[in-house]
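Please keep the structure at hand while reading.

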Amino acid sequence: MNGFNWGLPRAASSYAHEIDFLIGLLHWVMVLIFVLWGIFFVYCLVRYRARDGHRGTYHQTGENASLIPDALVLAFEIWLIVAFHIPMWRAIKQETPNEKDSTVVQLVAQQFAWNFQYAGPDGKFGRRAASLVSASNSIGLDDSDPDAKDDITTINNLHVPLGKPVILHMTSKDVIHDFAVAEFRNKHDVVPGMSTTLWFDPLFVGKFEIGCSQLCGLGHTRMRGDVIVDTPEDYAAWMKEQAADKAGSADASDVQPVAVEKKS
Amino acid sequence: MTSEHGHGEQKFIWKYVFSVDHKTIGIQYLVTSFTFLFVGLCMMLLMRWQLAQPDQPFPVIGDLLAKILGDDKMPTGVMLPEFYNQLGAMHGTIMIFLGVVPLGVGAFGNFVLPLQIGAPDMAFPRLNMMSYWIYLVGGFVMLSSFLFPGGAAQSGWTSYAPLSVIAPPGQTVWCVAMVIIITSSLFGAINFIVTTLNMRAPGMTWSRLPVFVWAQLVTAVLLLLAFPVLEAGALLQLLDRVAGTSFYIPKDLVVGATVFPRAGGGNPILWQHLFWFLAHPEVYVLLLPAMGIVAEIIATNTRKPLFGYREMVGSMCLIGVLSFVVWAHHMFLSGMRTSLANLFVTTTLTISVPSVAILTCLLLSLRGGSIRFNTPMLFALAFLPMFGIGGLTGLPLGFAPTDLHLHDTYYVIGHFHYVVAPGSLIALMGGLYYWYPKMFGRQMNRTLGKIHFWLTIIGMNGVFFPMFIQGMAGMQRRLADPTAQTHNLPVQWWSIPMGISAAIIFIGQFPFIFNFFMSLRNGEKVGENPWEATTLEWACPSPPPHGNFVKTPEVHRGPYEYSVPGRKEDYWPQDEAA
Amino acid sequence: MSTAVAHVETETNTGIPNGKLGIWMFLASEVMLFGGLISAYIILRSGSPEMIIPPREMMGVPLATFNTFVLIFSSVMMVLALAAIQEGDVPRFGRYLGLVIACGFTFLFVKAYEYHHKWEEGITISSNLFGSFYYTLTGLHCLHVIGGIILMVYILRCGLRGEYTPTSHGRVEYAGLYWHFVDLVWVILFPILYLLNT
C-alpha cells in the first residue's frame with residue numbers, strides 16, 4: 001500500500017477510498033491537536049512548576065483568545081458536515097443505485113448464519129413466511145409461490161459479479177445482527193420485523209469477510225461469511241451451477257423442465 | 001443551620017450503619033463503589049485472558065475457577081462464549097452503574113458538596129441514607145444474576161432487544177436490579193438539587209460556587225430527567241420477558257426453528273431510543289463530577305484562580321442541555337431514518353465544543369501557576385491528555401461517514417474507555433487522594449500513591465491504546481474469540497501486551513488498597529487545611545463533626561482566590577473575614 | 001433520629017421550602033417516566049400495523065369517564081383539605097382528606113372492575129400491543145394511586161394527631177402536589193387510551 005494508511009484493511013469498494021481519506025484527515029487533525037496541546041501542557045508543567053520565590057499569577061489574560069480553539073473546532077466540524085457528511089451519507093445510505101443495473105440479493109440473518117436469497121432467472125424473489133421455516137428451509141421460502149421456483153439460496157457465501165453494484169435488502173429472523181464487510185467500509189444493522197438496505201460496488205475480484213457487528217448471542221463470535229466477487233463469467237457459471245443443483249433436488253412432482261444451457 | 005441537634009450519643013447502628021450524616025454515607029458509597037470497581041476489574045482480567053489466548057484454560061487458578069463457577073461457565077477452566085458475554089455485559093453494567101457513578105456522585109458528591117456550600121448536611125438526610133442502602137441492595141441483586149440458570153445478563157450492558165428479551169433469566173434480574181439502582185439515583189439527584197439550590201451558606205452566591213458543585217448540580221439534573229426514561233424502557237423489557245408483551249418484539253420472530261409465540265407488532269429500535277436517551281446523558285454523569293474534581297485539584301495546586309470560571313460553568317450547563325439531543329449518534333446504523341442522522345451528527349459535533357472549552361480552560365489554568373506535584377495533582381494532570389485522547393477519538397465516531405467503518409469495533413471501546421478509565425476514574429482516584437485527609441484526618445502515603453499512579457496510568461494506556469489499532473482493522477466488539485474471523489488475525493497479537501497491561505493495572509491497585517487502610521492508622525495527621533486551599537470544605541475540622549461547621553460560615557469571596565496581590569498568604573479562604 | 005426538626009421549616013436560599021422543591025423535582029422525574037411510556041405508546045400506535053385499537057364500545061368509556069371525574073373531584077377535595085388546615089380547622093381537614101382517600105379507593109375499585117371486564121373481552125396484557133400498553137400505562141398509574149392513598153392515610157393520621165398547624169403544614173401541600181400530579185397523568189391517559197378510536 002502506498003504510504004501510511006492508519007492500519008486500515010485494503011479498500012475494496014467504490015466509496016472506501018473516500019471514507020479512508022476522511023479517516024486519515026480526521027486522524028491527522030486529531031494528532032495535530034493533541035501534539036499542540038501536549039507541547040503546551042508539558043511547557044506549562046516545566047515553566048510553571050513550584051519553586052522558591054515563585055507565586056501564581058492572580059490576574060488572567062487572554063480570556064477571549066481562549067475561545068479561539070473552540071471556534072476553530074466548531075468551524076472545522078461545520079465544514080466536515082457540509083463538505084463530507086451530507087453528500088456522503090446521502091450517497092452511501094440514502095441513494096441506492098438503480099436496481100435494474102445492480103445485483104439485488106435478499107439477506108435473512110439468523111443466529112448464527114447469513115442466508116442469501118437470489119431471485120434467479122425470473123428476476124423475482126419468492127415469498128418467504130415465518131411459518132415455513134424449518135431446518136432444511138431456513139428462510140422459510142414458500143415453494144408454492146411460482147416466483148420461488150428458481151430462487152437460489154446460499155448460506156454464508158455471497159457471490160456477486162464484478163462490474164455492477166450489489167444491493168442487499170436485509171432482515172433478520174430473530175435478533176438484531178449487523179452485516180459488515182470491513183474491506184468495503186460499510187455495515188448496517190439487520191433488524192427483525194423490518195427491511196434495511198446496504199449497497200456496495202466492489203473494485204476487484206476476491207474474497208471479503210463478512211463479520212456480524214451487533215452482539216447476537218453466544219455464537220456472535222463465529223458468525224462470519226464471505227462476499228465472493230467473481231468475474232461476470234465466473235459468476236454466470238456459478239449461477240448456472242446453483243440453478244442446476246436446485247432443479248436436481250426438486251421433487252419429481254413439481255419439476256418444470258428448466259432449459260439448461262449447454263456449456264460450450 | 002448549626003451543628004446542634006436534638007439527639008445524644010447514638011448507637012453504633014444509627015451512627016455508622018444507617019447513618020443519615022452525608023459524610024458517613026459518602027464513605028459508605030466510597031468503599032462500596034471501589035469494591036464494585038474491583039469486581040469489574042477482575043471480570044475484565046478473565047476476559048482479557050480469553051482474548052489473548054482464546055479457549056485456553058485460565059492460568060494458575062483455572063481449575064479453581066472451573067470448580068467455583070461450574071460447567072455452564074468455565075468447564076475445565078476454559079471460558080464458554082456465553083460466559084464471555086455475561087462478563088462483558090456485567091463488566092459494563094457494574095463499572096458504570098455500581099462503580100463510577102456511585103463513586104463520583106454518591107461518594108464525592110455526598111461528602112464534599114454540603115461542605116463546599118457551607119451546609120450542615122443534605123436537604124433530606126434520611127432520603128440520603130435510603131439512597132445508599134437501595135444502591136447496595138441493587139448491587140447485590142445485580143450480582144446475584146450470575147447464580148441464575150443460564151447465567152447473568154449477557155446481551156451487552158446495552159441490552160438490545162430482541163436478544164435481551166429471549167435471553168436467559170439473568171436478564172430479568174438485570175431489569176429488576178436496574179429499576180432498584182435507578183430509584184437510588186433518583187432519590188440522590190433530588191437531594192443534590194434541593195441542597196444546592198436551598199442550603200448555600202450566606203454569601204455563597206452562584207458565582208462563588210466551586211466548579212465541583214456546579215458539576216454535581218448539572219449531573220443531578222441529568223440523572224433526574226434521563227434515568228426515568230430508561231426505567232420506562234426497562235419496565236417494558238421486563239414485561240416482554242415475563243408478561244408476554246411485544247413492545248420490542250416484531251411479528252413472526254423465529255428463534256431457532258420455532259416461531260416465537262407473541263402477538264408481535266413491537267419495534268426493537270424503540271428500546272434503543274429509550275435506552276440511549278438515558279445512556280447518552282449518562283456518559284456526562286460519568287464525566288462531569290470527575291471534571292469538577294480535576295478543577296478543584298488544579299486550582300489548589302497551581303496556587304492561582306482557575307482560568308475561565310464562567311466559561312467552564314457555562315460549558316457544563318450547555319453540555320447538560322445538549323446531552324439530551326445527541327443520543328441517536330449511537331444508532332446511525334440501526335435502521336432509523338437516515339434523515340435523523342443529519343440532525344444527530346450536527347448536535348453531536350456541537351456538543352464537542354463545550355467539552356473542548358472545558359479542557360482548554362483546565363489546560364490554561366496551568367499557565368502562570370506555581371504547580372505542586374503532589375499525588376492528587378499527578379492524577380488531575382494525567383486526566384487532561386487522557387481525556388484529550390478520549391475526546392478526540394470521539395470525532396471519527398460522531399461523524400457518521402467514518403463511523404460506517406468504526407461502529408461496533410474496538411475503536412469504540414478504546415474511545416469510551418479512554419474517557420471513563422484514564423479519564424474519569426483517574427480523576428476520581430485523584431479526588432480520593434485529595435479529600436482523604438478531610439475524610440479521615442490523615443494523609444495517604446506519597447510513595448505508594450506514586451506507585452499506584454504510574455502503574456495505573458501505564459497499564460491503562462497499554463490496554464486501551466491498541467484498541468484503536470484493532471478497531472481500524474475492523475475488529476468487532478464483544479467477540480468471545482476474535483480469531484474465529486480472519487480479518488482480526490493481523491491485530492490479534494496486540495491482545496497479549498494488552499493482557500499484560502491489564503495485569504499491571506490489577507497489580508497497581510494493591511498499593512492503593514494497602515495505602516487506604518494503612519493510612520487510616522498510620523498516616524500523617526493533618527489539621528483543617530493541609531493543602532492550603534480556599535474552598536469551604538477546608539474550613540472545618542478533619543474529619544468534620546456532625547453538622548460540619550461549628551458556626552455557619554459566611555462567604556466573602558470567590559472560590560479560587562489564590563496568590564492575591566498584596567496578601568502575605570498565597571490563598572484567601574472563602575469564609576475568612578474581609 | 002432527629003424527628004424533632006421534621007416540621008420546622010428552615011430558611012432556604014430560594015425561599016421555597018426544601019420539601020416543596022423536593023416534590024417538584026420528584027414530579028419532574030415522574031413526568032419523564034410517564035413521558036417515556038407515553039412516547040413509546042405514541043410511536044408504536046402511529047407506526048405499527050399490529051396496534052389494533054379496540055372499538056369504543058369495548059373500552060367502556062362511560063365508566064372510565066366516571067372514574068376520571070372521581071379523580072378530578074378528589075383533587076378538588078385535596079385543595080379544600082389544604083385550605084382547611086391552612087385555617088387550622090382539623091376536623092374539616094380530616095373530612096376532606098377522608099374524601100380524597102375514598103375517591104382513591106373508588107378509582108381503584110372501578111379499575112379492578114374494568115380490568116376484569118376487559119380480560120373477559122379478550123383484551124389482556126399480551127393479547128396485542130394495545131392491551132400491553134393499556135395495562136402497563138394504567139397499571140403503573142394505579143400503583144401511583146395506591147402510593148398516593150398510603151401517603152394520604154399517613155398525612156391524615158399526622159393531621160388528626162395535631163402535627164399540622166396553620167404555620168406548619170408543608171407536608172400536606174407536598175402530598176397534595178403529588179396527588180394532583182397523579183390526577184393529571186390520568187387526565188392525559190384517559191383520552192389517549194379511551195377516546196382516540198379509529
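**Chain contacts and core**

Of the two pairs of chains in contact, chains A and B are the pair that shares the most contacts. The model is predicted. Chain A and chain C do not touch, while chain B also meets chain C.

**Chains A and C**
- The nearest C-alpha atoms of chain A and chain C are 10 Å apart.

**Chains B and C**
- On this interface, 37 residues of chain B are in contact with 33 residues of chain C.
- Three helices of chain B, α7 (170-198), α8 (211-242) and α9 (268-302), each give two or more residues to the side that touches chain C.
- The largest share of that side of chain B, nine residues, is supplied by α8(B).
- By residue class, the side of chain B that touches chain C holds 22 nonpolar, 12 polar and three charged residues.

**The largest nonpolar core**
- A total of 302 residues make up the largest nonpolar core.
- The residues with the most contacts inside this core are A:L107, B:V294, B:A295, B:L306, B:F379, B:F383 and C:V100.
- With 22 residues, α8(B) gives the most to this core.
- In chain A, domain 1 (16-51 + 62-94) and domain 2 (99-252) each contribute at least three residues to the core.

**Around B:A295**
- B:A295 is among the residues with the most contacts inside the core.
- Leaving aside residues up to four places away in sequence, B:A295 touches B:V211, B:F212, B:L306, B:M312 and B:L362.
- One of these partners, B:L306, is also listed among the residues with the most contacts inside the core.

Technical notes:
Residues numbered from 1 in each chain as written. Chains lettered and ligands numbered in written order. Predicted model: local features only at pLDDT ≥ 70, side-chain atom pairs only at ≥ 80, totals over all residues. Contact = placed C-beta atoms within 7 Å. Helix = DSSP H or I, 4+ residues; strand = E, 2+ residues; numbered from the N terminus. Nonpolar A, V, L, I, M, F, W, Y, C, P; charged D, E, K, R; others polar. Core = buried A, V, L, I, M, F, W, Y, C linked by C-beta atoms within 7 Å. Buried ≥ 20, exposed ≤ 12 C-beta atoms within 10 Å, placed from the backbone. Domains from an automatic or database assignment.
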